[in-house]
Amino acid sequence: MTPLLTADVFGWTVRPARRRRVRAFLVAAAAIAAVALHLAYDPPIECSDAAPCGPDNLNAVLLGLIGALPLVAFVSLPVTAWLAGAFLAVDVLWQLAHPDLASPAWVTGADAALVVLAFVAVRLAPPGLGGAAEMWAATTSHRAPPVPSVLPRYGMGWRLLAVLLLLGALGVTAGSLLAQERADARLDGAERVTAEVTGHPDPYSLDVRLPGGTVRVTVAEAGEHPVGSHVAVLVTGDGLFQLVSEPYDTSGWLSLAVLLAALAAACLARARARGAAARALFAGEQPATEVYVWALGGRVAVYATDARPGESALVEFFALTRNGSDDIRPGVLFGVPAQRQWCAVTVDGELLVPRGPVRSGRFAPMFGGADPDASVDAARLPLRPEEIMALRPEDVSADPETVHTHRHNRFSGYAVIVGSTWPFLVLLAYLLPRLSYWTAVAVAAPMVAVACLAGWRLFLRPRVSWNGAGVSVVGGVGARLLVWSDVHAVRADHHGTVTIETDHRGAGLVVAARGEHSLLPRFLSGDERTGGQLAGALRLSAERAAARARAQIRDVISLPPAPVAPSAPALLYAAWIVESLLYALLLS
């Protein structure tokens with residue numbers, strides 16, 4: 001049986017979630033665009049005493065279906081496609097029932113295009129594992145895993161959520177219909193009175209003067225009834241007041257019921273898909289490889305056969321049976337060790353059946369057990385050949401005199417500065433009352449200044465230069481010139497943050513690089529190193545410096561230029577001024 005080596009799976013055990021969700025994002029964006037088209041181009045519905053706007057259950061179902069599409073797309077694409085078809089059918093029926101309010105033909109065509117897009121997204125194959133993973137799966141040994149005596153009913157959590165959502169939908173529907181029936185019974189004998197509008201206490205209420213005094217009436221849009229105008233009001237003996245043009249209407253609650261029912265259907269489909277994926281694991285032959293396994297309390301971590309103490313697990317999953325041993329043992333892995341794939345493991349003849357797909361191994365204990373020796377540090381281990389091959393050729397150059405430089409991409413730094421203030425300003429726009437323009441500038445300027453300062457400190461200012469003698473670092477805070485013997489470890493996370501530690505307590509200087517799965521397109525981030533590449537290049541230089549020191553090779557090597565923390569550029573100040581002035585428009 002083929003042993004699983006680190007080189008076999010290097011670089012593809014973690015799949016970025018954004019690639020898996022591209023189809024869902026596409027369908028959700030199309031659904032939101034369809035809503036925007038209807039809002040912009042549908043004829044407005046006008047309510048009058050002669051043609052009142054009564055309850056419209058069909059329109060409520062229509063709104064519930066289109067509102068559910070963007071949410072359901074991230075749970076189940078097949079259900080989303082059928083919801084899109086139902087939305088088109090209900091839309092056509094509503095337009096046939098209301099010919100005067102029919103949408104333009106091209107808007108209905110856009111709805112049909114949404115249906116086609118949703119079904120095409122379902123038929124499109126999801127993103128694969130990549131060429132390297134597929135080549136490994138095709139060339140490694142295959143074997144049918146042991147079939148468990150009983151497979152559990154997978155997706156119980158999704159099924160329970162579906163039941164709760166469905167009960168909520170039924171409850172909302174029943175409550176809505178019951179409230180509408182009672183209100184209609186109360187309004188059957190109501191008296192029609194002409195009243196004068198005396199005020200607008202809020203955008204959805206009117207104060208009207210009746211013979212018995214002033215009362216408050218709930219309306220769809222208070223601005224449509226100016227103060228001083230007269231409106232026809234239905235008055236019941238038990239204190240219910242409704243405009244004749246806007247009778248009591250609870251059909252809007254049906255939209256919520258339809259949305260809950262759609263989410264329930266998506267959860268059931270997700271549960272069925274989960275069970276089908278689990279059964280497929282045991283239905284035929286799977287890639288079978290020798291691995292090391294740590295299993296305790298139902299948690300199973302999988303390591304390569306050449307794993308070194310202190311290294312992370314490849315993947316991990318949760319098993320149905322609880323294993324009582326906390327030591328690392330040899331085992332057999334069935335399946336592809338990649339995030340979101342289904343795998344099973346046998347250890348000492350016992351089959352560990354998964355409860356769900358595997359996830360990244362970075363959450364699992366390091367190789368060596370649940371509590372590895374503190375002296376073992378993966379960041380200080382020699383780089384593997386595959387890690388060196390992943391570096392830039394110029395960073396692998398053996399010339400110790402060559403000075404290498406890294407600086408985070410400026411475009412992404414300014415993008416973070418601009419984007420980080422939007423959530424707070426939008427929130428303030430809803431929470432604060434309308435402000436005068438210069439008052440809004442005074443509110444926005446400090447917030448933008450904080451974002452600019454943070455972006456400058458974390459993304460734009462930090463840089464690092466190094467050669468065979470040492471490293472010059474301008475970090476988010478602080479700047480130092482270090483010889484390699486002063487560098488304790490270099491670590492990088494998957495977001496691209498690189499920490500150059502100067503002592504065993506983890507203190508050091510931080511610089512930013514491109515994340516392993518950055519949201520910024522490659523053509524915008526340029527030829528920037530990832531966090532892993534930068535950390536690997538620094539570790540390789542430190543290893544070579546230590547090797548020369550052990551061999552007592554005294555090269556004449558000068559240190560890289562001393563760190564100079566630059567001042568903020570004029571562009572940053574200009575961005576602060578322009579952003580403050582523009583964002584003030586949002587608040588004013």
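Two strands count as paired if DSSP finds at least two bridges between them. Strands themselves are DSSP runs of E with at least two residues, helices are runs of H or I with at least four, and both are numbered from the N terminus. We're working on a predicted model, where local features need pLDDT of at least 70 and side-chain atom pairs count only at pLDDT 80 or more, while totals for chains, interfaces and linings use all residues. Residues are numbered from 1 along each chain as its sequence is written, and side-chain values use heavy atoms, with hydrogens and water left out.

**Exercise 1. Work out the strand order of the open four-stranded sheet, then find what packs on the sheet.**

Step 1: The order is β15-β16-β17-β18, and the pairing is antiparallel. β15 and β18 (479-483) sit at the edges with a single partner strand each, so one side of each has no neighbour in the sheet. On average, neighbouring strands are turned by 10° against each other, direction ignored.

Step 2: Now bring in helix α16 (residues 531-550), which packs on this sheet and touches β15, β16 and β17. Its direction makes about 30° with that of β16. Contact here means heavy atoms within 4.5 Å; axes are lines fitted to C-alpha atoms, for helices over the stretch in contact, and angles run from 0 to 180 degrees between N-to-C directions.

Step 3: Go pair by pair. β15 (residues 404-407) is joined to β16 (residues 463-466) by four bridges, and H404 stands opposite W466. Four bridges also link β16 to β17 (residues 470-474), with V464 partnered by V473; these two strands form a hairpin with three residues between them. Finally, β17 and β18 share five bridges, and V471 faces L482 there.

**Exercise 2. Find which residues of α3 are buried and where they lie around the axis.**

Step 1: Check the geometry. Helix α3 (residues 22-41) has 20 residues and spans 28 Å from first C-alpha to last, close to the expected 28 Å; that expectation is 1.5 Å times one less than the number of residues.

Step 2: List the buried residues (under 20% relative accessible area; exposed is over 50%, partly exposed in between, with a 1.4 Å probe and protein chains only). They are R23, A24, V27, A28, A31, A34 and H38. These cover an arc of only 135° around the axis, which puts them on the same side of α3; the arc is taken from the directions from the helix axis to the C-beta atoms.

Step 3: See what each face does. The buried residues pack against α4 (57-72), α5 (77-97) and α6 (105-123), while the face turned away from them carries exposed V22, I32, L39 and A40.

**Exercise 3. Describe how α13 and α17 pack.**

Step 1: Helix α13 (residues 422-431) and helix α17 (residues 570-587) pack at about 35°, with axes 9 Å apart.

Step 2: W422, L425, V426, L428 and A429 of α13 meet Y583, L586 and L587 of α17.
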